[in-house]
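User: Hello! I am new to this structure and would like to walk through it with you, one question at a time. Could you show it to me?

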Amino acid sequence: MASMDNNRDEEEPFVAAAASVDNSETLRNHTKDIHILSSAFLLIFLAYGAAQNLETTLNTKDDMGTISLGILYVSFTFFSLIASSAVRFMGSKNAVLLGTSGYWLFIAANLKPTWYTMVPASLYLGFAASVIWVGQGTYLTSTARSQARDYHLHEGTVIGNFNGEFWGMFAGHQFVGNLISLAILRNGTEGSTSGTTLLFTVFLCSMSLGTVLMCFLSKRVDGGEEGPKDSSVSLCSSLTSLSKSVITPLLDVRMLLIIPLIAYSGLQQAFVWAEFTKEIVTPALGVSGVGGSMAVYGAFDTICSLTAGRLTSGIFSITWIVSAGLFLQAVVFLWILLKYSLTSGVLGIVYPLLMAAMLGIGDGVINTQLSALLGILFKHDTEGAFAQLKVWQSASIAVVFFINPYMSLQVMVAIMLAALFVAAGGFLVLSLRIEKAFSSPS
């Protein structure tokens with residue numbers, strides 16, 4: 001008997017060591033997937049983001065660049081309505097892989113920009129963008145929940161940390177991509193065919209590398225993801241699933257209170273891409289300066305995304321972080337509306353860069369916290385929640401691109417301020433409702 005006890009005692013360290021190895025492997029698998037996902041999106045969007053920033057500047061004939069982006073985001077809005085069903089059918093890994101094809105084709109179309117290449121590419125990218133972003137939100141949240149469950153960690157903190165890493169890396173696309181465009185299009189070559197051809201060729205190579213990297217993601221089956229289904233699923237079942245993913249979230253008061261903030265997040269991004277670069281940066285720094293200013297925007301976006309993700313632990317922290325980001329952007333809008341004027345000298349260079357930094361801080365905060373908030377509040381319908389995020393974001397972006405040619409800078413800024421205050425009000429009401437629900441006795 002004593003011998004058996006001794007044998008058991010001798011075996012226990014090996015069992016514990018084996019369990020430790022298994023746990024460390026699991027940890028590496030979860031974090032590895034976030035590293036891969038973040039790096040792949042950086043490679044893909046450093047190309048797309050820089051191209052989008054230049055779209056309204058390079059393709060100016062008949063406003064082809066602006067209209068193409070408007071078509072893209074209308075398509076994005078429509079397909080976001082069915083994206084959650086598509087992601088459930090394909091699985092989130094397959095969804096993000098398929099989504100990369102639309103970005104690749106859009107960049108390829110810019111090598112020969114005509115109405116016959118840009119419009120079809122924009123329409124298809126709308127579909128691809130809807131599935132890649134719903135797939136990304138579902139995949140990241142599922143990975144974070146697996147990490148929290150396996151290691152008995154606070155779920156909100158893990159979701160915040162993973163979103164911080166992803167959005168920090170993602171925000172870096174503005175910095176890296178715009179530095180590349182600045183380097184290639186320097187010395188006034190932004191209008192030359194050779195300069196733009198080289199730029200978009202480099203972007204295609206970056207996107208191809210990002211797509212290959214995504215192939216190494218692990219498949220996920222939790223967090224509401226069901227993976228590919230049998231093709232015999234009935235049409236009635238598909239329509240029921242679609243109706244549930246589109247309508248059901250809108251019956252939730254929490255979603256209704258978040259939607260103004262979601263819409264504002266799209267508006268402020270489109271304002272930077274379409275209005276800020278054209279009306280503030282270009283007059284002060286020239287077309288080639290767009291890349292530099294957006295690099296500053298991306299750098300601060302990255303830093304604040306990483307920082308905000310690390311500070312996120314739950315609804316209370318999200319409330320304070322979002323409020324700080326909205327306040328900074330409100331300062332920029334009031335500055336433009338009341339005080340800003342084009343000046344010469346050093347201040348003429350510093351002012352647009354300072355505004356870009358403040359807008360980047362706000363964008364990093366809002367993106368990180370919105371994703372974390374949806375992951376925390378909508379555990380049982382992750383795909384539907386992220387589909388709503390992209391429906392309202394893309395719709396608001398499309399609105400800006402279509403009304404941009406007909407609105408003055410002052411009118412656009414006034415609209416931005418009004419949207420900001422509505423978003424802040426809805427978000428604060430949501431925070432108070434959640435706090436009251438948690439503080440009330442059960």
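User: What percentage of the 442 residues in the chain is buried?

Analyst: This is a predicted model, in which local features need pLDDT of at least 70 and side-chain atom pairs count only at pLDDT 80 or more, while totals for chains, interfaces and linings use all residues. Residues are numbered from 1 along each chain as its sequence is written, and side-chain values use heavy atoms, with hydrogens and water left out. Buried means under 20% relative accessible area, exposed means over 50%, and partly exposed lies in between (1.4 Å probe, protein chains only). By that rule, the buried share of the 442 residues is 53%.

User: Thanks! How many helices and how many strands does the chain have?

Analyst: Helices (H or I, at least four residues) and strands (E, at least two) are DSSP runs, numbered from the N terminus. Read from that end, the elements run α-α-α-α-α-α-α-α-α-α-α-α-α. The count is 13 helices and zero strands.

User: Where does helix α2 bend?

Analyst: A straight helix of 27 residues would span 39 Å at 1.5 Å a residue, but α2 (residues 64-90) spans only 34 Å between its end C-alpha atoms. The expected span is 1.5 Å times one less than the number of residues. A bend is the angle between axes fitted to the seven residues ending at a residue and the seven starting there. In α2 this angle is about 50°, and the place is Ile-82.

User: How many of the 27 residues of α2 are buried?

Analyst: Helix α2 is mostly covered. Just after α2 comes Gly-91, with a positive phi of about 95°. Within α2 itself, the buried residues number 20 of 27.

User: Is Gln-52 buried or exposed, and what is it in contact with?

Analyst: Gln-52 lies in helix α1 (residues 2-58). It counts as buried because its relative accessibility is 2%. Contact means heavy atoms within 4.5 Å. Leaving aside neighbours within four places in sequence, Gln-52 is in contact with Leu-69, Tyr-73 and Trp-273.

User: Why does His-152 count as exposed?

Analyst: His-152 lies in the loop between α4 and α5 (155-184). Its phi is near 55°, a positive value in a residue other than glycine. Most residues other than glycine have a negative phi. As for exposure, His-152 counts as exposed because its relative accessibility is 74%.

User: Which side chains meet in the salt bridge of 2.8 Å?

Analyst: A salt bridge is a side-chain nitrogen of Lys or Arg within 4 Å of a carboxyl oxygen of Asp or Glu. By this rule the count comes to two salt bridges. One of them joins Arg-149 and Asp-150 at 3.9 Å, N to O. The one at 2.8 Å, N to O, is between Asp-252 and Arg-254.
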